[in-house]
Amino acid sequence: MPVVLETVGLEKHFGGIAAVAGVSLKIEKGARHALIGPNGAGKTTVINLLTGVLRPSAGRILLEGQDITALEACKRVQRGLARTFQINQLFLDLTPLETIGLAIAERLGAGAHWWRLIGTNPQVVEEIVEILARFHLTDVMYERTGNLPYGKQRLLEIALAIACRPHVLLLDEPAAGVPEDERHEILATVAALPGDVTVLLIEHDMDIVFSFADRISVLVNGALFVDGAPEEVARDPRVKAVYLGESLDA
Amino acid sequence: MLTILFDGIAYGMLLFVLACGLSVTLGLMNFVNLAHGSFAMAGGYITLVLVNRAGLPFFAGLPIAFVATALIGALFERTLYVHVYSRSHLDQVLFTIGLVFMSVAAVDYVMGSQQVFIQIPSVLQGRFEIFGVGVGRYRLLIIVICGLLTVALQLILSSTRFGSRLRASVDDPRVARGLGINVNAVFSLTFAVGSGLAGLGGALGAEILGLDPTFPLKYMVYFLIVVTVGGTSSITGPFAASLLIGIADVAGKYYVPKFGAFVIYTIMIIVLILRPQGLFARAAGK
Amino acid sequence: MASALVAEVARRLARRARWRPFEYAFWLAALASVFLLPGRHLILTEIAWLALFALSLDLILGYAGIISLGHAAFFGLGSYVAALLAKHGRGSDLTRLMVTLGVALIMREIANQIPDITGGADGLQGVVVAPILGVFHFDIFGHVSYAYCLIVLFVLFLLARRVVYSPFGLSLRAVKGNALRASSIGISVNARLVAIYTFAAFYAGVAGALLAQTTAFASLDVFSFERSADLLLVLIIGGTGYLYGGLIGAVIFKLMQDWIANLTPQYWQFWIGLVLVLIVLVGRDRVGLWTGGVRALAERLTRRLAPGAAPVPVPPGEGH
């Protein structure tokens, strides 16, 4: 399988502290790759570096073979790299309908059209309706996002990334904060993502990780600790030590 | 040439005393206080009344201006400003502009709209020459007083308990709270002292800057320039920025009078374009 | 795929941009004022250009969330600087505030330094204005200038309305709501901000030209900080982000200013300041609710007067 996303010696320092220290990661096309590690290991920093929210102190990022290290965040999205956020980052004053429409218009290069009215392109409307239905948002599509229950907002968070039609999707703890009885709805939509979309998942919940991932990388103190198939990682005594140590500390 | 440098330094020192309170409130609470100049004006007019009307000696007027303005600052902080800390920057801007307007009109009503001067003792008038450099006595006094204040502030910040609490609070208010520092109390005290210093600066500066009801509007821009150019992470930043602005403004007005205040606005915009966080901000991590 | 649903959604989307009864009522009232209030045309003219200025500010404050203190000055330079700033990394609110203010001050200095053209601090008097289309001469009662300003305001309002309901307008609201997420779905945040800044600059420029034409007088006062602050107040009274805020705010502000100036000619600034302070202490949201309530009432009234009109969805981006 070809590698779609790769980092080479990625580093990020905050002041004197290295949050990410020389991470070289390869993610294969169509993979369900999980990035795990104890709190403060630098997982979210890696995502922020990959998406261009932060600039790396050193190292390179390659998307489908091309160097995107210096590319602005919005340009990376146009190249097919989308993400969700651990804490919802939504447009609270817009409706889900507008939110999804926005992403689709942007992808089609119509986002800066200032004369055409919204909703006049039937293809866009069709796609909006399709995505909203897929993420169980049809019944709330006219409501203000800020007024939606948390579970629905979480679904919209993922739907919005999907509306960008990414080749590579970065999911930052998709089920974080969602009550137990609503989790399955979110996990089901994650599991149903099209096979050609490559997914990098950050997750704390080991049940989710082992039921979803076909490859796991463990990040500890900003460095890659173990990288392999789920069974290997599960057996690795060092991983057990890290997690056991953490739970003893807690 | 050296005279201009001297005048510029005096001017810059004055700006620093006027603006350092604003810099700390901005850094500490991320609060945009456009009404800072109103406190400076209050100090100026208080001294004016004490010295010109009540016949108090000039040097007695200055400390009273400091204390009185600090008290006014504390009063406003506790009664009005506390309600606006958690609001958006737009609200803060509107609120403090409102205060500026009110103070301008109120002072106009009470004191009249004409420009006024505080009577300074004759010892301080005139100039003398050292090694061919013309030194204004009054400006020398400003440099001495402001220089002492700066050193005192630096000492307080670097080696007292309050100073370290203040620095911790500016660094990261949330962490400071976690360490058991009462950030609100630190802030109130700082706000009062900052206002007091502005009042003192207003009293000292009346001779050079002129004093009339539009003072807060006229000099607000200068204070803001000092703060944005200097950054808010320390007091050395605003200090250096004050000197830079002071010297540039005096030199600009002397050498290219046609361009007036043009010089410092241009400096500000260039600095902000190159270093949006300020000239002396710590390495941009955020 | 449920094509009925697709059609329904398309219909709902198309209806967003439809004119609401309240809007018809507003512009009919404006039109009526041309004929019914001939004695008030001078102040109405001032209201009209103030409204245009406020509309311009609303475009950047209400739709893109940028605080500007340099608004009265021309944005042309401002947009250039904003572009430079954008290229060199993000600035904070305060940075932007200072840049807009700095640009305004520089423009004022320039105008002050070329008295041959601008008249310096005294302003330019006796600007000779050609009759509109060579036919309509400006008269001292302001009849022609009011009609002229109103037409310009209406045309530019229509344009702004169109832009606001376009994908571009929607993306601005997204940028204002959450710039981080906006860039994470591929929106080039800085390019959009520069675009709307330039667009709003054009409006401010037209408003300034209107002012000069109708009063035959131009002065440095338009560059002043107080003018920009007044403008903010206009917008806050009317509410931001629904286009009518600037227009309604201009009406209320001018009438209020006129009234206060009659009571205390010298110290009206004090009361303006007091209004600002009170608005913030009470909370802009609640003030917005108040104007929103008035609007809802107006809509209900007009709907009763015009039976059969479509039910009115709440306009997007209410309040602040």
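**Exercise 1. Determine how exposed A:Asp67 is, and which residue pairs with A:Asp67 in a salt bridge.**

Solution. A:Asp67 has a relative accessible area of 39% and is therefore partly exposed, given that buried means under 20% relative accessible area, exposed over 50%, and partly exposed in between (1.4 Å probe, protein chains only). The partner of A:Asp67 is A:Arg60, with the closest N and O atoms 3.4 Å apart, where a salt bridge is a side-chain nitrogen of Lys or Arg within 4 Å of a carboxyl oxygen of Asp or Glu. A:Arg60, at 40% relative accessibility, also counts as partly exposed.

The structure is a predicted model, in which local features need pLDDT of at least 70 and side-chain atom pairs count only at pLDDT 80 or more, while totals for chains, interfaces and linings use all residues. Residues are numbered from 1 along each chain as its sequence is written, chains are lettered from A and ligands numbered from 1 in the order in which they are written, and side-chain values use heavy atoms, with hydrogens and water left out.

**Exercise 2. Describe the accessibility of both partners in the salt bridges A:Asp236 to A:Arg238 and B:Glu77 to B:Arg78.**

Solution. In the second pair the N to O distance is 3.0 Å; B:Glu77 is buried at 1%, whereas B:Arg78 is partly exposed at 46%. Salt bridges with shared partners also link A:Glu98, C:Arg16 and C:Arg173 into one network. Over all chains, the search finds 21 salt bridges.

**Exercise 3. Characterise the contact between chain A and chain C by its residues, its buried area and its salt bridges.**

Solution. Begin with the residues: 38 come from chain A and 32 from chain C, contact meaning heavy atoms within 4.5 Å. Next, the two chains bury about 3,600 Å² between them, 69% of it on carbon and sulfur atoms; buried area is the accessible area (1.4 Å probe) that two parts lose on being put together, summed over both. Of the area that chain A buries against chain C, A:Phe91, A:Ile118 and A:Tyr142 supply 18%, more than any other three residues. Finally, there are four salt bridges between chain A and chain C, including the one in which the side chains of C:Arg173 and A:Glu98 meet at 3.7 Å, N to O.

**Exercise 4. Place C:Ser184 in chain C and identify what surrounds this residue.**

Solution. C:Ser184 lies in helix H9 (residues 179-184) of chain C, helices (H or I, at least four residues) and strands (E, at least two) being DSSP runs numbered from the N terminus. At 7% relative accessibility, C:Ser184 counts as buried. The side chain of C:Ser184 reaches the backbone oxygen of C:Leu180 at 2.9 Å. Apart from neighbours within four places in sequence, C:Ser184 is in contact with A:Val77, A:Arg83 and A:Phe85.

**Exercise 5. Explain why helix H4 of chain B can be called largely enclosed, and compare its span with the expected value.**

Solution. Because 20 of the 23 residues of H4(B) are buried, the helix is largely enclosed by the rest of the structure. H4(B), residues 89-111, reaches 32 Å from its first C-alpha to its last, close to the 33 Å expected at 1.5 Å a residue, the expected span being 1.5 Å times one less than the number of residues. Just after H4(B), B:Gly112 takes a positive phi of about 90°.

Conventions:
A polar contact is a pair of N or O atoms within 3.5 Å; within protein, one must be able to donate a hydrogen and the other to accept it, and residues adjacent in sequence count only if both atoms are side-chain atoms.
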